[in-house]
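Thank you all for making time this morning. I would like to walk through one model with you, going from the overall picture to its sheets and then to a single residue.

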Amino acid sequence: MSKTNQIVAIAVSLLFIIVVIPTDSSAELANVEDTKYTSEIDPFEKSDVGIKIFSDVNDGISKYDSLMEHRSNIQINAAFDNIDKNEMVVIDQEWANKQTDSMLKDNIQRCIENNNAVMLISESPQLLIDSRDPIEFRSYVNDCQVYGILSLPDGRECCYSVGGYIDIDDAINAAYELVSNDMSAKASNDTNISFVGEWGAQKLSRFTYQCNVKNNIEGTSYTNIGKFNIATAYFPIIEKDPDYNYYLTCYFFQSVPADSYRTADMAITTDVDATADYGQYQQLVRYAPTATSGTSSVNIGLGITTSLSGMSINASASWSYNTPDVTILDKSDMEYNIMDLGHDIPEDKNAGIGSYVIQPGNLVMVSTQGDGAYHAEEEYRGGICHHVLGNIFNRFREFSTTASTVVPPQ
């Protein structure tokens with residue numbers, strides 16, 4: 001993005017509000033699966049996984065109108081001891097507030113262990129977090145409407161965040177489509193990453209945010225300007241060093257601008273030692289790519305042969321992603337354990353016009369003097385602008401969110 005456009009973006013950034021509302025997402029979100037982290041199935045492709053809903057009948061059932069309209073295998077206010085294998089459990093926070101904490105947490109934990117997907121209709125994922133051991137996998141974005149978790153028999157796990165819809169029933173239905181198709185595809189473990197050495201089971205963080213702006217102060221109408229998708233995968237190296245654990249992160253950040261809108265920039269920042277309690281035990285070992293301009297693609301190669309303790313590990317991973325006409329801006333600082341990679345995207349080229357994905361990565365070392373898990377705070381940023389005519393662009397909007405993640409050792 002040009003300097004002039006950057007100034008315009010800053011000038012208008014205070015004049016808009018980004019929210020999430022539903023659009024026809026089936027075509028765009030299918031691109032998230034191009035990386036084959038979990039399957040080649042479109043997350044919004046129709047399926048009919050059985051659902052058990054725990055909700056207040058008096059004021060909560062209307063939330064599920066959209067879900068019930070298209071699904072046949074739904075039971076409301078079932079008992080936790082009557083949940084079948086492979087069913088999805090949906091818990092309404094309003095209902096949960098009237099239950100005992102111990103009952104809720106014990107049953108949620110049991111559902112997760114039984115490989116039932118659990119969805120929470122809430123503005124916070126805290127109930128899901130509190131229902132698990134502190135160093136079990138979690139990865140959520142705050143201020144959403146629906147959260148979820150799915151644990152598969154082979155050790156792979158997925159966390160979900162969906163939010164900002166105008167109608168909560170549409171948000172629930174969208175989250176159901178995403179989670180249910182991961183459940184249906186659970187036998188698949190395809191990946192576009194080439195691995196060498198022994199790596200642990202994949203942990204996947206999914207987040208979908210559709211960006212819309214208010215057309216008036218009252219917020220009675222909105223304009224859809226696009227959306228951003230996250231499907232970031234984490235892989236621990238199988239433990240060989242008693243003093244250090246190693247974790248690979250393969251980011252997946254996709255921009256999908258709406259018609260007449262373009263992607264202007266995208267960036268991912270990770271401050272590896274940002275967490276107060278655990279940052280002191282974590283160190284950024286390597287990251288990729290670095291600053292690049294004028295290349296059609298970049299190759300990522302991250303690995304380690306010998307640990308800090310002198311033990312032989314010989315583990316590596318490699319992949320690539322396209323960077324047509326894209327300039328990668330590297331503001332990382334290894335001294336301060338910060339990876340900060342921006343992508344300046346030309347609004348008038350294919351990368352700006354259509355869906356575009358960035359897939360940087362990093363390798364982090366964690367001392368076992370702490371809990372041995374990787375505690376990540378990762379910020380995703382993206383800019384979308386309106387195409388007026390030719391090379392004229394306006395209405396620059398900025399998106400930013402932070403995912404809080406804990407990846408346990410293998």
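Let me begin with a term: a residue is called buried when its relative accessible area is under 20%, exposed when that area is over 50%, and partly exposed in between, with a 1.4 Å probe and protein chains only. What you see is a predicted model, in which local features need pLDDT of at least 70 and side-chain atom pairs count only at pLDDT 80 or more, while totals for chains, interfaces and linings use all residues. Residues are numbered from 1 along each chain as its sequence is written, and side-chain values use heavy atoms, with hydrogens and water left out.

With that in place, helix α8, residues 168–184, is mostly covered, since 14 of its 17 residues are buried. Helices here are DSSP runs of H or I with at least four residues, strands are runs of E with at least two, and both are numbered from the N terminus. The expected span of a helix is 1.5 Å times one less than its number of residues, and for α8 this gives 24 Å, in agreement with the 24 Å between its end C-alpha atoms.

For the protein as a whole, there are nine helices and 23 strands, and 56% of the 410 residues count as buried. The accessible surface, computed by the Shrake-Rupley method with a 1.4 Å probe, comes to about 16700 Å², of which 46% belongs to carbon and sulfur atoms. If contact means heavy atoms within 4.5 Å, then among contacts with a separation of 6 or more, 71% are between residues 24 or more positions apart.

Turning to the sheets, two strands are taken to pair if DSSP finds at least two bridges between them. β6 is joined to β23, residues 392–407, by four bridges, the two running antiparallel, and R138 stands opposite V406 in β23.

Another open sheet has three strands, in the order β9-β17-β16, again with antiparallel pairing. Which strands stand at its edges? They are β9 (194–196) and β16 (297–306), each of which has a single partner strand, so one side of each lacks a neighbour in the sheet. Three bridges join β9 to β17, residues 312–322, with V196 opposite S316, whereas nine bridges join β16 to β17, with L302 opposite A317. The hairpin of β16 and β17 has five residues between the strands, and there G310 takes a positive phi near 95 degrees.

Within β16 I would point you to N299, which is exposed at a relative accessible area of 66%. Leaving aside neighbours within four places in sequence, N299 is in contact with W319 and S320.

Finally, the cysteines: with a disulfide taken as a pair of cysteine sulfur atoms within 2.5 Å, the structure holds zero disulfides. For C158, the nearest cysteine sulfur is that of C159, 7.9 Å away. C158 counts as buried at 3% relative accessibility, and C144 is buried as well, with a relative accessible area of 1%.
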